[in-house]
Amino acid sequence: MSQAPQLVVHRDKELMAQAAAARLITRIVDAQSSRGSASVVLTGGRNGNGLLAALAAAPARDAIDWGRLDLWWGDERFLPEGDPERNVTQAREALLDSVPLDPKRVHAMPASDGPYGNDVDAAAAAYAEELARAAGPENHGPVPTFDVLMLGVGPDTHVASLFPELPAVRETERTVVGVHGAPKPPPTRISLTLPAIRSAREVWLLAAGEDKAQAAAIALSGAGEIQAPAAGARGKTRTLWLLDAAAASQLPRSLYPPASP
Ligand SMILES: O=C1O[C@H](COP(=O)(O)O)[C@@H](O)[C@H](O)[C@H]1O
């Protein structure tokens with residue numbers, strides 16, 4: 001597991017999204033140049049979609065070889081294909097429909113009207129198998145070693161669809177689980193588990209806005225991962241919190257000293 005999380009605090013959420021998009025372009029280009037391809041796990045939510053929209057608007061996006069990029073999702077709302085609330089629908093709108101991706105490398109999580117019907121546990125198991133098939137011997141495990149895995153942080157400290165105290169956040173064996181009874185709609189979801197998240201080289205947690213301030217402070221102040229799932233999201237080589245000033249406003253001074261007036 002990586003060292004302590006690193007924090008980068010930007011002035012506001014627009015700048016945070018632009019800076020994170022620039023950072024992501026660099027990581028993808030570096031991975032493609034050293035390993036031939038790159039793999040990135042996307043997140044849903046306002047901050048994740050803000051980053052994708054900023055990436056779509058960045059001229060440097062053309063530095064990415066989009067055909068050599070694998071995209072995975074950290075979680076999905078278990079809804080019919082094309083539902084506007086699905087994370088993949090929102091990602092397509094923000095970025096994916098405007099870049100030349102290889103459709104075989106866009107690994108969306110199953111929809112509730114797909115091959116597994118309404119059986120979210122079967123859909124989750126199928127996604128786990130898809131990940132396992134993509135993992136090579138060099139990955140030493142049941143998921144590929146993602147280059148960057150991004151997670152939005154919910155106001156209740158949830159990441160992906162791992163909500164405080166629910167069974168999904170306690171999972172230690174499976175890489176993907178069906179989530180039942182999520183407190184945020186829709187109640188039925190699919191999520192990577194903490195062990196799968198921790199197999200990424202870099203985990204980036206995105207938190208912008210005042211409503212994320214308490215969650216960031218709790219997760220970064222030594223809370224347990226069952227009570228505060230964001231506290232358990234760590235990358236193998238790096239864990240990076242990307243915040244705006246509003247989300248950083250309740251952090252202990254030892255972590256982020258506010259600028260002097
Ligand atoms: O429902 C979800 O919420 C979280 C956080 O979203 P936000 O809008 O509060 O930033 C998101 O990361 C997750 O992917 C999504 O399914």
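The model is a predicted one. Its secondary structure comes to six helices and nine strands. The radius of gyration is 17 Å, close to the 18 Å from the globule rule for 261 residues, so the protein is as compact as a globular protein of that length.

**Overall build**

- Of the 261 residues in the protein, 46% are buried.
- Take the contacts between residues at least 6 apart in sequence: 76% of them join residues at least 24 apart.

**Around the ligand**

- The ligand is surrounded by 15 residues, and the closest are Gly44, Gly45, Arg46, Gly152 and Gly154.
- Three elements each supply at least two residues of this shell: helix α2 (45-57) and the strands β4 (75-77) and β5 (148-152).
- Helix α2 gives the largest share, with four residues of the shell.
- By residue class, the shell holds nine polar residues, four charged ones and two nonpolar ones.

**Helix α1**

- Helix α1 covers residues 13-35, which makes 23 residues.
- From first C-alpha to last, α1 reaches 32 Å, close to the 33 Å expected at 1.5 Å a residue.
- Its buried residues are Lys13, Met16, Ala17, Ala20, Ala21, Leu24, Ile28 and Ala31.
- Gly36 follows α1 and has a positive phi, near 95°.

**Helix α4**

- Helix α4 runs over residues 120-134, 15 residues in total, and its end-to-end C-alpha reach of 21 Å is close to the 21 Å expected at 1.5 Å a residue.
- Val120, Ala123, Ala124, Tyr127, Ala128 and Leu131 are the buried residues of α4. These residues sit on the same side of α4, because they cover an arc of only 140° around the axis.
- What do the buried residues of α4 pack against? Their partners are the strands β6 (176-179) and β7 (189-192).

**Backbone spots worth a look**

- As background for this group, most residues other than glycine have a negative phi, and most peptide bonds are trans.
- Pro185 and Pro186 are joined by a cis peptide bond, with omega at about -5°. On the chain, Pro186 is found in the loop between β6 and β7. Those strands are also the ones that the buried residues of α4 pack against.
- His140 is not a glycine, yet its phi is positive, near 50°. You will find His140 in the loop between α4 and β5.
- Is His140 buried or exposed? It counts as exposed, because His140 has 9 C-beta neighbours inside 10 Å, and 12 or fewer is the cut-off for that class.
- Ala160 also has a positive phi, of about 50°, although it is not a glycine. Its place is the loop between β5 and β6.

Conventions:
Residues are numbered from 1 along each chain as its sequence is written. This is a predicted model: local features need pLDDT of at least 70, side-chain atom pairs count only at pLDDT 80 or more; totals for chains, interfaces and linings use all residues. A residue is near a molecule or strand if its C-beta atom, placed from the backbone, lies within 6 Å of it. Ala, Val, Leu, Ile, Met, Phe, Trp, Tyr, Cys and Pro count as nonpolar, Asp, Glu, Lys and Arg as charged, and the others, Gly among them, as polar. The expected span of a helix is 1.5 Å times one less than its number of residues. A residue is buried if 20 or more other C-beta atoms lie within 10 Å of its own, exposed if 12 or fewer, and partly exposed in between; C-beta atoms are placed from the backbone. The arc is that of the directions from the helix axis to the C-beta atoms. Two residues are in contact if their C-beta atoms, placed from the backbone, lie within 7 Å. The radius of gyration is taken over C-alpha atoms; the globule rule is 2.2 Å times the number of residues to the power 0.38.
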